[in-house]
Amino acid sequence: MMTANEIRESYKKFFESKGHTIVPSAPMVVKDDPTLMFTNAGMNQWKDIILGTRDPEPRRRADSQKCLRVSGKHNDLEEVGHDTYHHTMFEMLGNWSFGDYFKEGAIDMAWEYLVDVLKINPADLYVTVFEGNEEEGLKRDDEAAGFWLKHVPADHIINGNKHDNFWEMGDTGPCGPCSEIHLDSRTPEEKAKVPGRELVNKDDPQVIEIWNIVFMQFERKADGHLEPLGMNVIDTGMGFERLVRAIQGKNSNYDTDIFQPIIRAICDLTGKEYGKEENVDVAMRVCADHLRTIAFSIADGQLPGNAKAGYVIRRILRRAVRYAYTFLDQKQAFLYALLPVLIREMGATYPELEAQRELISKVMKEEEDSFLRTLETGIRLLDGVIDEARQAGATQISGEKAFTLFDTYGFPLDLTELICREKGMSVDQAAFNAEMQKQKERARNAAQVENGDWVELKKGDVEFLGWDMTESECSILRYRQVTQKKQTYYQLVIDHNPFYAEMGGQVGDRGVLVSEHETVEILDTKSENGQGVLITKELPKHPEAAFMACVDVDLRRASEANHTCTHLLDEALREVLGSHVEQKGSLVTPEYLRFDFSHFQKVSDEELRQVERLVNERIREDIPLQDLRNVPLEEAKELGAIALFGEKYDDKVRVVRFGTSVEFCGGCHAKSTGRLGMVKILSESSVAAGVRRIEAVTGAKVEEMMYQLVDTAAQIRQLLNNAPDTLAAMKKTFEENENLKHQVAEVLRERGAALKQQMKDSAQVKNGITVMKTITLLPADVVKDIAFQLRAEVENALVVIGSQNEGKPLLTAAASDSLVAQGVNIGKNIREAAKLIQGGGGGQAHFATAGGKTLDGLLAAVDKLVEMLTA
């Protein structure tokens, strides 16, 4: 029986023999594409080729691509673990043809690999073809059906509807009919009872799709109509996990050697058995699946967080933790302990796992520990909600409160329901779902983008000139209208473009387009499918005119300086902290720079100063920029450029070099290091376990900072009467101030003691209650201390004190435990008395405070509260 690793390699070798270039998997985490957070299909990395904005050579390619489907159109998360074949992270085996072979070639190669190489019984294979769609004016894909007849009998060819057999990239863009290959893995007895063709696309767990061959030949426009694609494209995707299951003769993906080593390790760690109890099995499958997703995401540079892709990864990790907590009795972090097994099984194919082992382990453990603390907090809060419901005579907690636990504290609904059931309570799930739907609508409205069709003004290629110039004559090639958050913008594509599009951490350029008719402000520049798109609020009145594209030079130069500084910082950090330092993210703006890097402890002040000195030394050396373009990838590595895990590199790359600093980079840089002026590190902090962040400024921003520091120092000296030794004078002032504080505290203590005794001496007994009341100017903390002392020292004591807090009235009251036992409740009554000072308050039965707005009613409020509590 072939192992999973052997099957993967057989696929690559087969397509290599068919003239395909075997390419590495793109990162699972997508960068520089605003439409996508994760790679959810093998074709994602080829979007720009399919759209015609990038050279299609080589025209035949194949790979095994890491994919993640958990959100948006492909939302499988809640099904993962409950069935045998859904996953979050999965591998997609794919082969592509860009303007080379089309339907016949793709069908023939797929059949040859499955039947001749993998030896799958052809009688168990069924194929689908697009049945056509009258509304679209599309006929049945008889062409594909004809090619399939070379391999399968007619009754193994099944018509599929538009939903199943017409693939679309999105609401707009490339699309076309597709042909699926389904495998019937049932027993001979089951096959004899019901033909496999009747179970295709019927959600039968043993009759499943294993390969989808997409024939891209159309482009969907914004108004819905189809136009022929400029180049026919073959895009195939075969789910690796499903294929391995079929070859290894298993009934579940989780029974293959992809997942079984992880599941066995879970059994060893938890003492549970797989296959004995459904809830335990589901939890183990969830953990085995999610482990892969979390580890690969972190290896590709995406840390768990509170927004966007980071939130998705955190949500997946927390789902695994809660299943382990609830069904595997894991009250401490344990997912991270499974990492060595994953690396042993997949590390040879994906070396980023081994290279990032320490980082992945530390981040996972920290996240697990954090969420386990959240679960403990949530359980305490839920206990309070349950008690409150019981006191009100209810047997159900409100869906709104369950949603608050979920949304604010990350406490999952299924765990809330489980705890409620154990305590004889239930959850108003309808109300919870209503709150969830409201949140989804808010998120959908915030993220919704409506793109119009591109209006093409003229044909032409796009040339990026921004590395060399900030001005250029240009023409607008095409434009479209975009609406987001009820705001309308326009996107422009120009032929000779000096504007840098946001990418690689560097923000997009701003500037203007100038013609003889008008000046159009460019608000931002974004990257879309490998091309720069200029963002403007107004569409040019004469878009067909000749323009001069002018980048805002001041902003660009500041961004260039900050970007160059990140390279110098990267090198200096490795020199000072060690070679383990690796860039984990950056942000380059005209105002400041941010640089994230791997390091497992806080960088000391001394180390930061050392890094800063090294960078400033290289700035003073005025090292010139060496801009090396179209360098073969391997040659670039030989020059010293470090390939980062989680980044996708083309066969030819750009290398930016400043002396010994050598990096892959597509951004804009200073022409020499001297143009940075100086760098000043502002802060160093933690982003996640094993990841630190530096924020810094360069050039004019350092100058402004220096002036502020000098001015502040001058003002301090002036306050200290221009003392020659400023530090000594400040130290003396602080010491004198501390002494005065002690003296004041002693005076207040004495006055507090005197007031307390005075209140005792003037106490009155009313209805068996010892009433002690007064008005004072003593501060709130002293008043509170007096109230607590008196309630403890005097039997049946009621203490009511009116005072001032920052010029506003404050009512403070306390009652002894004996009075509380008799039913006295200060917290309930103080609100009514506070109305006399135009305020409100509250507290507990034995102690409460109330603030107000007017001092005039303070004495009346004291008397009112005494009257209410002694009646």
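Colleague: Is T488 exposed, partly exposed or buried?

Modeller: T488 counts as partly exposed, because its relative accessibility is 28%. Buried means under 20% relative accessible area, exposed over 50%, and partly exposed in between, with a 1.4 Å probe and protein chains only. Please note that this is a predicted model, in which local features need pLDDT of at least 70 and side-chain atom pairs count only at pLDDT 80 or more, while totals for chains, interfaces and linings use all residues. Residues are numbered from 1 along each chain as its sequence is written, and side-chain values use heavy atoms, with hydrogens and water left out.

Colleague: Where is the place of T488, and which residues does T488 touch?

Modeller: T488 sits in strand β16, residues 487–494. Strands (E, at least two residues) and helices (H or I, at least four) are DSSP runs, numbered from the N terminus. Leaving aside residues up to four places away in sequence, T488 touches Q481, V482, T483 and K537. Contact here means heavy atoms within 4.5 Å.

Colleague: And how far apart are T488 and G237?

Modeller: They are 251 residues apart in sequence, and their C-alpha atoms are 37 Å apart in space.

Colleague: Let us turn to the chain as a whole. How many helices and strands are there?

Modeller: The chain has 25 helices and 35 strands. Its C-alpha atoms fill a box of roughly 110 × 75 × 55 Å along the principal axes. Of its 871 residues, 49% count as buried. Among contacts with a separation of 6 or more, 67% are between residues 24 or more positions apart.

Colleague: Now charges. How many positive and negative side chains does the chain have?

Modeller: There are 105 positive and 138 negative side chains, and the centres of the two sets lie 4 Å apart. Lys and Arg count as positive and Asp and Glu as negative, while His and the chain ends are not counted. Each charge is placed at NZ of Lys, CZ of Arg, CG of Asp or CD of Glu.

Colleague: How many salt bridges does that give by the rule?

Modeller: The count comes to 57 salt bridges. A salt bridge is a side-chain nitrogen of Lys or Arg within 4 Å of a carboxyl oxygen of Asp or Glu. One of them joins K423 and D383, at 2.6 Å from N to O. This pair links distant parts of the chain, 40 residues apart: K423 is in the loop between α15 (413–422) and β11 (426–427), and D383 is in helix α13, residues 357–391.

Colleague: Why do K423 and D383 count as partly exposed?

Modeller: K423 does so because its relative accessibility is 33%, and D383 because its value is 25%.

Colleague: What about R618 and E575?

Modeller: Their side chains also meet in a salt bridge, at 2.9 Å from N to O. R618 belongs to helix α18 (residues 605–620) and E575 to helix α17 (residues 553–577), 43 residues apart, so the pair links distant parts of the chain. R618 counts as buried at 13% relative accessibility, whereas E575 is partly exposed at 43%.

Colleague: Which residue forms a salt bridge with E684?

Modeller: That is R692, with the closest N and O atoms 2.6 Å apart. E684 is buried at 10% relative accessible area, and R692 is buried at 11%. Elsewhere, E136, K162, E168 and R220 are linked in a network of salt bridges.

Colleague: A change of topic: which residues of helix α11 are buried?

Modeller: In α11, residues 339–346, the buried residues include L339, V341, L342, I343 and M346. Their cover includes α1 (4–17), β3 (89–98), α8 (260–270), α9 (278–299), α12 (352–355) and α13.

Colleague: Finally, the backbone. Which residues does a cis peptide bond join?

Modeller: A cis peptide bond joins E57 and P58, with omega about -10°. P58 is in the loop between α2 (47–50) and β2 (60–68). Most residues other than glycine have a negative phi, and most peptide bonds are trans.

Colleague: Where does E806 lie, and what is its phi?

Modeller: E806 has a positive phi, near 55°. It lies in the loop between β32 (797–805) and β33 (808–815). E806 is exposed, because its relative accessible area is 79%.
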